[in-house]
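Subject: Structure handover

Hello,

Here is the structure I promised to pass on. Please open it alongside this note; my findings follow below.

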Amino acid sequence: MKFLVIGYGSIGKRHAGNIRSSGHNAVLLRHSRTEKNKEGIKEYYSFDDVLAHEENIDGAVICSPTSMHLHDVKLLIEENIPFLLEKPPASDLRSTVEMADIIRAKEFKRYDIAFNLRYHPVIRFLKDFIPTIGSIYAANIYVGYYLPYWRPDADYRETSSAKKELGGGVHIELAHDIEYALWFLGFPESLTGYVNRVSSLDISTDDMCSAILKYKSGAVAEIHLDYLSHKYLRGGRIIAEKGTVEWEWDGKGGRVAYFSKEKRLSEDVFVVQPGYDFNSTYLEELENFIGIIKGTNRSMVDLETALSTMKVIGAIERSDNEKKWISPDDVHY
């Protein structure tokens, strides 16, 4: 199969490498003329040139800056090319709603939103385990890592994560953890949020975000995201009727521990196998996308689901601006 990879930053390189290592062909569309890729992949600088010179493109992977996502999705839908869109779907709620409207109007089904954490074994285990622990009372979900450490081969100041005009920002870049929180817990009734730049990092985006989500049941979920932690931190805790579950993971491993109310002791209920490679989340994502192209699989995350995440992000921003609790359902652009 032949895939068009749009954008060739770190995530574009990862997807192109996975496409090729899986026995498929990749061509590149780059929005800016920088140094040619060193991997010898054929590259273009306009979509018209791609269409003029490349026949039978089976699918596209959109890895461009977030601010370009809506533009790229429009081009691909117009040409009826299936696409895998890197998260988040767009840099703001307005663009996400417009994207969803186009997809609905065209009845376009062959796409997926690349929230690859849904393929991580810890997250998959928790999705099945959480319904067994009774009513949820409280949750705490966190992720933090020092932005200059993210991409060792790149100047952090030049990445989209650091530039507001490219759609960056901690609550946009780390939308994964908001998305899986909603996958586990559902859509909140209201929330209060705080997002700000508090460090001396040389960036124009926010570097810390905290939010409290409140549910109709009375349960609350706290979400914390930052560009600041010098130690990689990713995990969470859920206090529920039958016990308390805690999890943590990094790129190589992870575990889930459960303290049972009945047994009054903590035990590991899941451990990631030694030698685990985080890249497998991207490979499984690609495999699912190929199934979508062939008509055998469905989107892991569709636009309606991604829209819920963007509504929560929009509500966090609005709550921070207005200094009050906000219902995500009441957030409009």
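Buried residues make up 51% of the 333 residues in the protein chain. Please keep in mind that this is a predicted model.

**Overall**

The protein chain holds ten helices and 14 strands. Its C-alpha trace spans about 65 × 45 × 40 Å along the principal axes. A compact globule with 333 residues would have a radius of gyration near 20 Å, and the protein chain has 20 Å, so the two agree.

**Helices α3 and α4**

How do these two helices, α3 and α4, cross? Helix α3 covers residues 69–78 and helix α4 covers residues 93–106. Their axes come within 10 Å and cross at roughly 10 degrees. Angles under 35 degrees count as roughly parallel, so α3 and α4 are roughly parallel to each other. On the α3 side, the contact is made by His-69, Leu-70, Val-73, Lys-74, Ile-77 and Glu-78. On the α4 side, Ser-95, Glu-98, Met-99, Ile-102, Ile-103 and Lys-106 take part. By type, the residues of this contact divide into six nonpolar, two polar and four charged.

**Backbone points around this pair**

- Asn-80 lies in the loop between α3 and β5. Its phi is near 60 degrees, a positive value in a residue other than glycine. Asn-80 counts as partly exposed because its relative accessibility is 48%.
- Pro-88 lies in the loop between β5 (83–86) and α4. A cis peptide bond joins Lys-87 and Pro-88, with omega about -20 degrees.
- Glu-107 is in the loop between α4 and β6 (111–114). Glu-107 is another residue other than glycine with a positive phi, here near 50 degrees. Its relative accessible area is 61%, so Glu-107 is exposed.

Helix α8 (residues 175–185) is mostly covered. Ten of its eleven residues are buried. The buried residues of α8 include the charged pair Asp-177 and Glu-179. Also among them are His-176, Ile-178, Tyr-180, Leu-182, Phe-184 and Leu-185. Just after α8, Gly-186 takes a positive phi of about 95 degrees.

Ile-141 belongs to strand β7 (residues 136–144). Ile-141 has a relative accessible area of 2% and is therefore buried. The C-alpha atoms of Ile-141 and Asp-177 are separated by 7.3 Å. Along the chain, these two residues are 36 residues apart.

**Thr-281 in α9**

Thr-281 sits in helix α9 (residues 279–294). Is Thr-281 buried or exposed? Its relative accessibility is 0%, so Thr-281 counts as buried. The side chain of Thr-281 makes a polar contact with the side chain of Asn-116, at 2.9 Å. Leaving out residues up to four places away in sequence, Thr-281 touches Asn-116, Tyr-119, His-120 and Tyr-276.

**Ile-326 after α10**

Ile-326 is found in the segment after α10 (303–322). Ile-326 is buried because its relative accessible area is 3%. Where does Ile-326 make contact, beyond its neighbours within four places in sequence? Its partners are Ser-190, Leu-191, Ala-315, Arg-318, Ser-319 and Val-331. The C-alpha atoms of Ile-326 and Glu-189 are separated by 8.6 Å. Ile-326 and Glu-189 are 137 residues apart along the chain.

**To recap**

Helices α3 and α4 are roughly parallel. A cis peptide bond joins Lys-87 and Pro-88. Helix α8 is mostly covered. Thr-281, Ile-326 and Ile-141 are buried.

Best wishes

Terms used: Residues numbered from 1 in each chain as written. Predicted model: local features only at pLDDT ≥ 70, side-chain atom pairs only at ≥ 80, totals over all residues. Heavy atoms only, no water. Axes fitted to C-alpha atoms, helices over the stretch in contact; angles between N-to-C directions. Helix = DSSP H or I, 4+ residues; strand = E, 2+ residues; numbered from the N terminus. Parallel < 35°, antiparallel > 145°, perpendicular 65-115°, else oblique. Contact = heavy atoms within 4.5 Å. Buried < 20%, exposed > 50% of the residue type's maximum accessible area, 1.4 Å probe, protein only. Polar contact = N/O pair within 3.5 Å; in protein donor to acceptor, adjacent residues only side chain to side chain. Rg over C-alpha atoms; globule rule 2.2 N^0.38 Å.
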